[in-house]
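Colleague: Can you walk me through this one? I'd like pockets, core and charge pairs.

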Amino acid sequence: MSGNIELLNTTLAATRVADRAALIAYLPAGFPTVDGGIEAVKAVIAGGADIVEIGLPHSDPVLDGPVIQTADDIALRGGVRIADVMRTVREAHEATGVPILVMTYWNPIDRYGVERFTAELAEAGGAGCILPDLPVQESALWREHADKHGLATVFVVAPSSQDARLATITAAGSGFVYAASLMGVTGTRASVGAQAQDLVGRTRATTDLPVCVGLGVSNATQAAEVAGFADGVIVGSAFVKAMLDAPDEAAGLAAVRSLAGELAEGVRKR
């Protein structure tokens, strides 16, 4: 069965035709529970998210700040497994028709088996993977299987990436490029900063792939700012924090749906 890279491509093409950025939401699988996490994904889509990244919880999430680390810890203590990640992708995609990617560090895939992981993700209706710690020069095996199964391979670029390095990374990727707005870990910030705009410009000089910006966006004003120069606005910690701060699951679902609505308005006010 083929994955949904084409759905991802057409979704990003449609937002570009509409002269706006895509809103991409991140939520970890298994948080606050597997069922609750699936409902949270549906809630952010109902609020206006165009694309969703499902995080595969990891015990050492080097790119993630304290908010997502807390959610990952809750999911891991709850016993979340890769099968639960696949179930989250499947049920969220079947319920909404929206492209769903998995964001994961490389070690869990390596241990699970690349062929097994890509085949199961495609069967679940997944659109691809974001792989923040997989070096491009070591990605040939992953890309071979991802291509075979119709999955996007999204690499992360950073403000420190030199132009030649950007060209190498973007030539190997598909779907879109994840541009980290700053050096550091995920989390909300008071300002996204000029580094992100410079990085988007330098990345676009190397590729026709959409360039989507993550790390630091937490409100509609910041979403509008980033949407002014990027093809997509990626928001994770703000959604997770809304769930963590809620007194119960129902309130958490309402909070993430509301936040998604505000951010969706923001990306339309670029």
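Modeller: Terms first. On a 1 Å grid over the protein atoms alone, a pocket is an open set of points with protein on both sides within 12 Å along at least five of seven lines, while a cavity is a set where a 1.4 Å probe fits but cannot get out; lining residues have an atom within 4 Å of a point. Grid points are joined across faces, edges and corners, and a volume is the space filled by probe spheres set on the points. This is a predicted model: local features need pLDDT of at least 70, side-chain atom pairs count only at pLDDT 80 or more, and totals for chains, interfaces and linings use all residues. Residues are numbered from 1 along each chain as its sequence is written, and side-chain values use heavy atoms, with hydrogens and water left out.

Colleague: What volume does the largest pocket have?

Modeller: About 320 Å³.

Colleague: Which residues lie nearest its centre?

Modeller: Leu56, Pro57, Ile82, Pro108 and Arg111, out of 13 lining residues.

Colleague: And which helices supply at least two residues of that lining?

Modeller: H4 (82-96) and H5 (106-112) each do. H5 gives the largest share, four residues. Helices here are DSSP runs of H or I with at least four residues, strands are E runs of at least two, and both are numbered from the N terminus.

Colleague: How does the lining of the largest pocket divide by class?

Modeller: Eight nonpolar, three polar, two charged. Nonpolar covers Ala, Val, Leu, Ile, Met, Phe, Trp, Tyr, Cys and Pro; charged is Asp, Glu, Lys and Arg; the others, Gly among them, are polar.

Colleague: Now cavities. How many of 30 Å³ or more turn up?

Modeller: Two, from a search of the whole structure.

Colleague: Switching to the core. How many residues does the largest nonpolar core have?

Modeller: It has 92. A nonpolar core is a set of buried Ala, Val, Leu, Ile, Met, Phe, Trp, Tyr and Cys residues joined through side-chain atoms within 4.5 Å. Buried means under 20% relative accessible area, exposed over 50%, and partly exposed in between, with a 1.4 Å probe and protein chains only. Val44, Ile100, Phe117, Trp142, Phe176, Val233 and Phe239 have the most contacts inside this core. Helix H12 (residues 249-267) supplies the largest share of the core, seven residues. In soluble globular proteins, nonpolar side chains tend to be buried together.

Colleague: What does Val233 touch?

Modeller: Ala21, Ala22, Leu23, Ile24, Val213, Val217, Ala223, Val226, Ala227 and Val267. That leaves out residues up to four places away in sequence. Contact means heavy atoms within 4.5 Å.

Colleague: And charge pairs: how many salt bridges does the count come to?

Modeller: It comes to 14. The rule is a side-chain nitrogen of Lys or Arg within 4 Å of a carboxyl oxygen of Asp or Glu. Side chains of opposite charge can pair when their charged atoms come close.

Colleague: Where do Arg87 and Glu91 lie?

Modeller: Both are in helix H4, four residues apart, about one turn. Arg87 is partly exposed at 29%, and Glu91 is partly exposed at 29%.

Colleague: Which pair links distant parts of the chain?

Modeller: Asp231 and Arg204, which meet at 3.2 Å, N to O. Asp231 sits in the loop between helix H10 (220-227) and strand E9 (232-235), and Arg204 is in helix H9 (residues 194-204), 27 residues apart.

Colleague: Is Asp231 buried or exposed?

Modeller: Buried, at 12% relative accessibility. Arg204 is partly exposed at 36%. Arg16, Arg204 and Asp231 are linked in a network of salt bridges.

Colleague: Last one. Where is Ser174?

Modeller: In the loop between helix H8 (163-172) and strand E7 (177-180). Ser174 counts as buried because its relative accessibility is 16%. Leaving aside neighbours within four places in sequence, Ser174 contacts Ile5, Leu151, Ala152, Thr153, Val154 and Leu209.
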